[in-house]
Amino acid sequence: MNRGSLCVLALLVAVGLGLRLPELGLRPMHNDEGVNAMKFRDLWVDNNYKYSPEEFHGPTLPYLTLPSALLSGGRDFNNFTETTYRIVPVLFGAGLILVLLILAPDFGTSETLWVAALIAVSPAMVFYSRYYIHEMLLVFFTALSFFSFWRYAVTGRLRWVLIAGIGLGLMYATKETFVFAVAALVLAIGSNAAWTRLRGEQQASFPWKLKWNQIILAVVCALAVSVLFFSSFFRNAQGLTDAVRTYVPWLRRAGGETPHAHSWAFYFHRLFWFHAVGGPIWSEALIGVLAVVGFFIALFTEASAASTPNPTLPPLQASPSSPSPREGRAGRGVGRGASHLFGGAACPLWRIIAFYTAWLTLIYTVIPYKTPWCLLSFYHGMILLAGIGAAALVRACASPGLKFRVGLALAVGVAQLGWQAWQQNFGVDKSGALYCASVKNPYVYSQTSPDILRLINTVEALAGVSREGYNTIVEVISPESYGPLPWYFRQFTQIGYWDQIPKQPLAPIMIVSADLRPDFDERPDKTHLMAGYFLLRPNVFMELFVNTKLWSEYVKTLPPEKD
Amino acid sequence: MNKLFFVSFFVAASVFRAAADDLEPIPLQLPPPAMKGTPQAMPTNTTALPLDDKPRAPFLAPKGVANVSVGKPVTASDANLISGELKQITDGKKQAFEENVVTLRRGLRWVQIDLQGEFNLYAILVWHDFTTPIVVRDVIVQVSDDPDFKTGVTTLFNNDQKNTAGLGVGTDREYFENSLTGAGKLIDAKGAKARYVRCYSKGSTDSALNSYIEVEAWGLPAS
């Protein structure tokens with residue numbers, strides 16, 4: 001990439017950060033975010049983080065939150081805010097653009113810039129870059145590892161295979177689903193070899209500049225990194241066996257033993273055409289269409305030595321339709337009509353990306369367990385293909401004028417995606433409700449309701465008037481997940497959580513699931529009143545019961561109501 | 001020991017039976033439901049239990065208990081009514097028809113019934129406008145033998161949790177005006193002796209105005 005291209009890339013990183021960074025505390029913490037924040041507490045406060053094979057995914061997220069916590073100014077866990085946590089995926093989301101630099105020499109400059117633009121503004125990528133979960137880290141480490149592995153395969157340089165190995169170890173230590181990406185890559189390399197042979201092409205299907213001793217070294221790096229994280233940096237030997245044992249419960253979940261089982265169309269519905277009642281139509285169909293174009297270009301374009309951007313690739317036999325060596329990469333399809341989209345030349349990298357994306361999409365589609373953020377893994381592949389498609393469409397234009405118009409149309413489409421991303425994160429609907437916490441947003445899933453902030457504020461105010469302050473006893477009772485309340489109530493020292501109503505005297509403050517039909521206010525002694533319903537998540541209501549004396553003290557602090 | 005247990009059990013059962021023999025369900029005449037099916041756009045900012053169309057369990061009171069408020073005079077904190085006449089609140093017409101609704105102005109308002117004699121009260125029933133399932137705010141029901149409610153006041157129900165009326169922090173829940181059953185709100189008066197019944201309210205989830213259809217007081221003469 002030349003200096004101009006690097007400047008454009010830097011600008012796109014800035015755009016990506018501009019969409020990801022503002023108002024990180026706007027959306028209430030999701031249940032999973034709250035759980036992850038409390039896992040970080042184990043590390044930060046007790047220095048006792050242990051990997052759990054049952055839940056919560058890998059250790060990289062808490063460990064990579066340490067720099068953010070250290071730089072946040074305060075050392076008190078209670079003072080950490082949503083921003084302290086969400087800045088972590090934001091940086092990895094933006095890093096996903098920068099990591100393209102590894103791939104750019106072989107992928108193509110214009111392709112790289114289109115991909116960078118699409119990652120920067122893709123609503124799904126933006127939304128989940130502001131989500132304190134493991135997914136964006138997994139996608140970043142996957143890109144780092146696979147792109148570096150490709151660079152190693154092309155150049156044979158040791159440093160790339162070491163980075164690939166470290167990336168692989170980080171993938172493993174981030175989320176159990178990393179195995180899908182690895183499987184998809186292996187299948188893609190095999191599929192590409194079969195496809196090349198099937199088409200009778202003479203080119204190599206993979207630049208096999210591999211040395212087994214270096215590969216083994218990379219595997220050692222991967223293992224070393226994963227051992228470091230899973231063992232909590234040699235504090236928890238059990239973590240090493242748990243890192244393998246974890247696949248038993250996760251396989252059960254993947255097989256459908258989960259409340260998150262959804263139809264095969266779940267991801268496509270959210271990505272390409274989502275229209276909830278009363279909400280706008282959200283669509284990233286532009287990326288979908290461009291990805292299909294890129295997929296077919298990658299598959300049906302015959303590679304040639306002339307088109308190979310990197311001279312270190314093995315020599316390939318030029319096809320009759322290939323541009324001359326002098327034309328190089330820029331000559332591919334340029335000014336020669338649409339037929340050259342399928343008759344030019346392509347690096348085998350494109351085909352591997354095409355097959356990788358197809359396999360990974362298939363895997364995630366077939367598995368019944370689906371949460372919308374899981375789409376990021378295969379959607380990243382789709383965006384890579386979309387970059388190929390966008391660049392090819394512009395190149396296919398015969399005249400500079402047409403080229404400009406097509407490029408402009410695509411740029412407008414990209415800007416529209418950016419507008420959607422902005423709306424989904426900061427926009428409000430007609431009733432003034434934030435889209436970032438609304439079921440009208442395709443990427444909102446089991447989201448904590450903003451209504452719960454009323455509960456938090458009320459309980460905080462009650463603690464303010466209580467003689468015990470944050471030592472006031474609080475009971476939270478719910479048969480299903482009460483997250484992220486533990487994070488919001490992190491300052492309360494005498495708080496307990498039950499899945500059914502405990503047989504003990506009532507606490508001054510009780511937050512009880514409405515499903516339990518609590519009737520503490522109906523008891524003859526009238527020690528408690530029911531102070532309100534609060535929506536935790538869609539269809540999950542909590543009821544607040546407060547000791548009447550404490551409530552009376554609280555009421556005295558309220559401003560007089562106007563008629 | 002066993003003998004003692006059986007004697008105790010027999011005595012307790014006899015007492016319970018005698019008490020039960022003196023009670024009977026009060027013969028309420030409920031108006032027809034105002035609507036059927038699932039209501040749309042239910043208010044959510046309330047402490048009320050979810051609305052349902054199940055009939056209320058019979059309320060037991062001493063035999064002979066009667067609606068002692070029917071036709072009795074009604075006064076109010078607000079002489080300037082927006083609609084209806086105060087006497088309609090005790091006229092026995094409880095259907096959710098527009099012409100049966102008495103509407104007082106916005107803010108905290110009360111209506112008061114003079115039972116014209118002292119009664120042991122067992123149940124107070126209040127029908128605000130139940131055309132739709134609204135929640136009336138700050139409902140307080142008091143009884144007294146003082147027409148000014150300065151002395152001898154017993155609070156039977158109070159869901160004014162923020163004490164906006166200044167009558168004390170209420171510990172009762174809000175409730176839906178049940179348009180699916182027309183059952184009204186039944187408040188256990190526990191035999192309180194009084195001549196006057198006063199009902200407060202302060203708007204609703206639907207309006208800042210205060211609307212009533214009927215108030216009934218069920219009791220027996222105190223003598």
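The model is predicted, and every value below was computed from it. Chain A carries 21 helices and 5 strands and is divided into two domains, domain 1 covering 3–426 and domain 2 covering 452–556. Between the chains, 14 residues of chain A are in contact with 11 residues of chain B.

**Overall form of chain A**

- The radius of gyration of chain A is 27 Å, which agrees with the value near 24 Å that a compact globule of 563 residues would have.
- Taken along the principal axes, the box filled by the C-alpha atoms of chain A comes to roughly 95 × 55 × 45 Å.
- Of the 563 residues in chain A, 49% count as buried.
- When contacts in chain A between residues at least 6 apart in sequence are considered, 71% of them join residues at least 24 apart.

**The two domains of chain A**

- Domain 1 of chain A (3–426) and domain 2 of chain A (452–556) have C-alpha centres that lie 43 Å apart.
- The contact between these domains takes 11 residues from domain 1 of chain A and 9 residues from domain 2 of chain A.
- On the side of domain 1 of chain A that touches domain 2 of chain A, the residues divide by class into 6 nonpolar, 4 polar and 1 charged.

**Where chain A meets chain B**

- The contact between the chains joins 14 residues of chain A with 11 residues of chain B, and on the chain A side strand S4 (528–537) and helix H21 (548–556) each supply at least two residues.
- Strand S4 of chain A gives the largest share of the side that touches chain B, namely 5 residues.
- By class, the residues on the side of chain A that touches chain B are 7 nonpolar, 3 polar and 4 charged.

**Strand pairing within chain B**

- Strand S9 of chain B (residues 185–201) pairs with strand S6 of chain B (residues 109–128) in the antiparallel sense, over 13 bridges.
- Within that region, B:Val126 has B:Lys185, in strand S9 of chain B, as its bridge partner.
- Strand S9 of chain B is also joined to strand S7 of chain B (residues 140–144), with 5 bridges between these antiparallel strands.
- For B:Gln142, the bridge partner in strand S9 of chain B is B:Arg198.

Conventions. Residues numbered from 1 in each chain as written. Chains lettered and ligands numbered in written order. Predicted model: local features only at pLDDT ≥ 70, side-chain atom pairs only at ≥ 80, totals over all residues. Contact = placed C-beta atoms within 7 Å. Helix = DSSP H or I, 4+ residues; strand = E, 2+ residues; numbered from the N terminus. Nonpolar A, V, L, I, M, F, W, Y, C, P; charged D, E, K, R; others polar. Rg over C-alpha atoms; globule rule 2.2 N^0.38 Å. Buried ≥ 20, exposed ≤ 12 C-beta atoms within 10 Å, placed from the backbone. Domains from an automatic or database assignment. Pairing = 2+ DSSP bridges.
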